[in-house]
Amino acid sequence: MEVAQQAKTRTVVGSVIDFETGEPIIGASIAVAGKSVGTISDLDGNFSIRVDGDNINLEVSFIGYEKQTVTVADGKKLTVRLRAVSELLEEVVITAYGSGPRKDLTGAIAKANVQDMRKAPVFNFEESLAGRVAGVQVTSSDGQPGSDLQIVIRGNNSVTQDNSPLYVVDGFPLEMAVGNMLNPEEIESIEILKDASATAIYGARGANGVILVTTKKGKVSSPTVTYSGWVGVQQIIKKQEMLDPYEFVRYQLEADYNVYSKRYLAGERTLEDYRNIEGINWQDKVYRDALVHSHNLAVRGGTEKTRYSVSGSLVDQQGIMLNSGYKKYQGRFVLDQTINKKIKVGINANYTYSKKYGTIVSESQTSPTASLMYALWGYRPVAGVNDGDLLNDLYDESTDPTTDLRINPLMAAENEYNPLFTYNFIGNAYLEYKILKNLTLKITGGYNKIHQRKEVFYNSNSRGGHRHTNNKVNGWITNTERTSLLNENTLTYNVPLKKGHRLKVLGGFTVQDNSTFIDEIRAINVPNEALGIAGLDEGELTSATISKTDNGLVSYLGRADYNYKSKYLLTVSFRADGSSKFPKDNRWAYFPSASAAWGFGEEKFIKNIKWISSGKLRAGIGTTGNNRVTDYAALTALQITADSGYSTGNTPGKGVVPKTLGNPKLKWETTVQTNIGLDMSFLDSRISFTADYYYKKTKDLLLNATLAPSMGFLSAYRNVGSVSNSGLEFTIDTKNIQTKEFSWTSSFNISFNRNKVLSLNDDEPSLASRVNWGNFNNAYPYIAIPGHPIAMFYGHIFDGVYQYTDFDKVGESYILKDGVPNNGNAREKIQPGDIKFKDINRDGVVNDYDLTIIGNPNPKHIGGFGNNFQYKNFDLNVFFQWSYGGDVLNANRIEFEGGDPNARTSLNMFASFANRWTPENQTNELYRIGGQGPAVYSSRTIEDGSFLRLKTVALGYRLPNAWLKKINIKSLRVYASAQNLITWTKYSGPDPEVSTRPTALTPSFDWSPYPRPRTITLGVDISF
């Protein structure tokens, strides 16, 4: 009997790995089902356990993963692949100055799926965040490499100030975009704090929401080397269709036959000949398929006392336009050291160097003709019979280079020198001292230094330096240095009370100091352009400016969390902030918040409902602030200028003049927000659901308000006006199919936000905003009106085109009939085929009294839908993003669907202008040549900007561990991925996700954008 028993006793060996990554799981529990026999996995995820008998089941579990039961097979090594827990209520979430399980949260905190985000081939994690979190709107101005993105959480609060969230990177608060500073592969988690109960502890900077970014650290394991890299190509998604040579020449002849027939019909050439002449496609000359690649290398590991992480990355992104791109080199070092049972110290340091170069095609210009895209689209596609070489000549001889600033777009792109160098260091060090068992002191010191150098040089073959410009060869250098010092000191008391009660109390004191130093030199008429930027000292120095500003913030903070068995939860917080930006009497502000939650899923009467897995109801209210004004906005600034002096005895003297008007009563902008949320999961957590409703009101707006002319200043900062935002957010996560070899999970989110201006400066009825793009400088395409969103499109309603029936024919002339309103031009100048606007007040005259709201740039809802499929070692990720209901002002059509043929000679048009009004084609859609009317905005160029984008597709294959062990590789995954693959939209421009003048008052304006690329890559993830 004893021999038989021994025969059934055997040792089972195996390994425990992550289902998604293939990485070993250290410290996983392996137990024999129904018995007290067990073990844990080692540093390589391996284990061995002795079992007795046949048909033995092992239960394998680890925190944050789903428990799995496996059957022991004779003689076979087990490989147990654990899936990460997807139930929302079980996730560990980073919060302000702490962390905890989602089931114990009382505020609206969203956790981004970083693992899915990594599957997007992007250089900036903010781009992959778009559409993945409810209530978070991520937009970019255009597709310019290296550009920062704009993130708005739950709508715009401020009218004239910045609405960007506060970023906290490994505990360091930053009031700037951080996407280009960080390596996406280095990010461990991203949490978005959305409501006031979550953000109030950040006080004066929490009104716009907070994004917490936590980077990867070392873990207890043997040294692990990981490499992830990909290489790919970026391509333009959509080129703008332009008039071909035949249609262009036909357009020119219609515009002025006497002038252009001599150019294009000389000799025996006819208009029909141009059907067979191949023109120059300037877009093909300047656009390219661009090589992109990214490489990341890291070494991580540690012991129970010492954990480390050393990593570096390299990014090289060629732009899809010639001579543009972005390069980045980044390194990070993290060390956590346990000194003894009471003391723990650590350091986290990151350094980034980047170079962004190439024409900023959407930058503001004094004339639209100075834009590179203007030349790229508008440069004529064909030369006349006796013209020069369009492709190789700098100027088009048919234009006047003193008034029309376009030059050969290919030469313009090739000769652009416009790099921005950025050197960014951010470091944190901390000391953690356990005073008592449940009382911990943490002292943190942080340092951030950003140095940017902008170099601009226009040589004689560039847009800004050719011989027809006033400054000739010229350039400038601008240095900007920002320094931030941080000290945070917190005490945390975390103690379990009797009978399931638990209390956690946090108190703290923080100090942050920020300074900015800027210097710039400019020179014109540089004699030796071969020296480039180094030759500026030989030119005529036109300016040398220096500025220095400082601001400081001192804060006291506190929070208390009460928890009874995860059933009844209460959180209260308070923060007091003192800022040097405000006058002494208004320097301090106070930001309280409170939130509560009922975990009704823990109630017995709910536990008896089998199809409900968990449930929690949340409610909160709180106050947050915004201090986004200049450092000395409260003070009146004086300036010494060249023309402000007073001469005495023919000797020029210097004088001082007021520059800006201060406000000694300036104070914080304050937002009060309420939030009600519901978290539930069903069917053994196969379905997880989160819903939130919020209402927030921002008062005492930091408004750059318009002043009466008698004040002597155009504007000044005042605390006037109020804005509200209200909305609904829904998130659904599902496990659609879950088998041993195949799984399919989905994630869906949708957000609805309604923004409303409640009041403006001294109850002003409206605030109109102009856009600086070189055209229509006296027209205002945007307006803010109480009762409406901050920005609405404003102009005339397009009413088609004047037809012959609108006129009386007198001899050979056409006279507008009585009763037919004009279009803003004099009645006698209006002809058949001219643009027509609606006479709203029906007084027979179209003028400013007929201006009205013509569109809404704010989407009705935004969202995303992601799917993950897993079959054996194959994985597929498909992610869609959408925006519905927002309009776009397509200003490109103003210039390239008619424009002004007298001011813009030889300018090519969009292909759509071939369908313009002519006596033979009496369309009601496009006016005749020269019939563009007055310089006003109209609904003609307001378009639906709704879109559905197949944002990311990634297909990967993980090589079997049995193959890899032979070559000492822990895991290896190869994949192909694509970004911005397909976009479904009715928008006629290159891309509907565009905002080249991105402010709260002027969103969704499309003029001269850098095209957004499609990216196709091949990559590999490997660990040793």
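Which residue in strand 28 is the bridge partner of Gly558? The bridge partner is Phe574.

## Basis of the model

This is a predicted model: local features need pLDDT of at least 70, side-chain atom pairs count only at pLDDT 80 or more, and totals for chains, interfaces and linings use all residues. Residues are numbered from 1 along each chain as its sequence is written, and side-chain values use heavy atoms, with hydrogens and water left out.

## Overall form

The chain holds 12 helices and 54 strands. Helices (H or I, at least four residues) and strands (E, at least two) are DSSP runs, numbered from the N terminus. The C-alpha trace spans about 125 × 70 × 65 Å along its principal axes. A compact globule of 1024 residues would have a radius of gyration near 31 Å; the chain has 32 Å, which agrees. That radius is taken over C-alpha atoms, and the globule rule is 2.2 Å times the number of residues to the power 0.38.

Of the 1024 residues, 54% count as buried. Buried means under 20% relative accessible area, exposed over 50%, and partly exposed in between (1.4 Å probe, protein chains only). Among contacts with a separation of 6 or more, 70% come from residues 24 or more positions apart. Contact means heavy atoms within 4.5 Å.

Strand 26 (residues 501-524) and strand 27 (residues 540-564) run antiparallel and are joined by 24 bridges. Two strands pair if DSSP finds at least two bridges between them. Ile521 has Ala544 in strand 27 as its bridge partner.

Strand 27 also runs antiparallel to strand 28 (residues 568-579), with 12 bridges. Strands 27 and 28 form a hairpin with three residues between them. In that turn, Lys565 has a positive phi of about 55 degrees.

Axes are lines fitted to C-alpha atoms, for helices over the stretch in contact, and angles run from 0 to 180 degrees between N-to-C directions. Three bridges join strand 10 to strand 15 (residues 187-193) in the antiparallel sense. Here Ile109 stands opposite Leu193.

Another open sheet has four strands in the order 39-40-41-46, and its pairing is antiparallel. Its edge strands are strand 39 (767-769) and strand 46 (852-855), each pairing on one side only. The twist averages 45 degrees from one strand to the next. Two bridges link strand 40 (residues 782-784) to strand 41 (residues 792-795). Tyr782 has Phe793 in strand 41 as its bridge partner.

## Nonpolar cores

The largest nonpolar core has 64 residues. A nonpolar core is a set of buried Ala, Val, Leu, Ile, Met, Phe, Trp, Tyr and Cys residues joined through side-chain atoms within 4.5 Å. Met321, Trp773, Phe896, Tyr937 and Phe1005 have the most contacts inside it. Elements giving two or more residues to this core include helix 5 (245-255), strand 42 (798-801) and helix 11 (892-896). Apart from this core lies another, of 27 residues, among them Val114, Val136, Tyr167 and Ile187.

Not counting residues up to four places away in sequence, Phe1005 touches residues including Trp773, Tyr782 and Tyr937.
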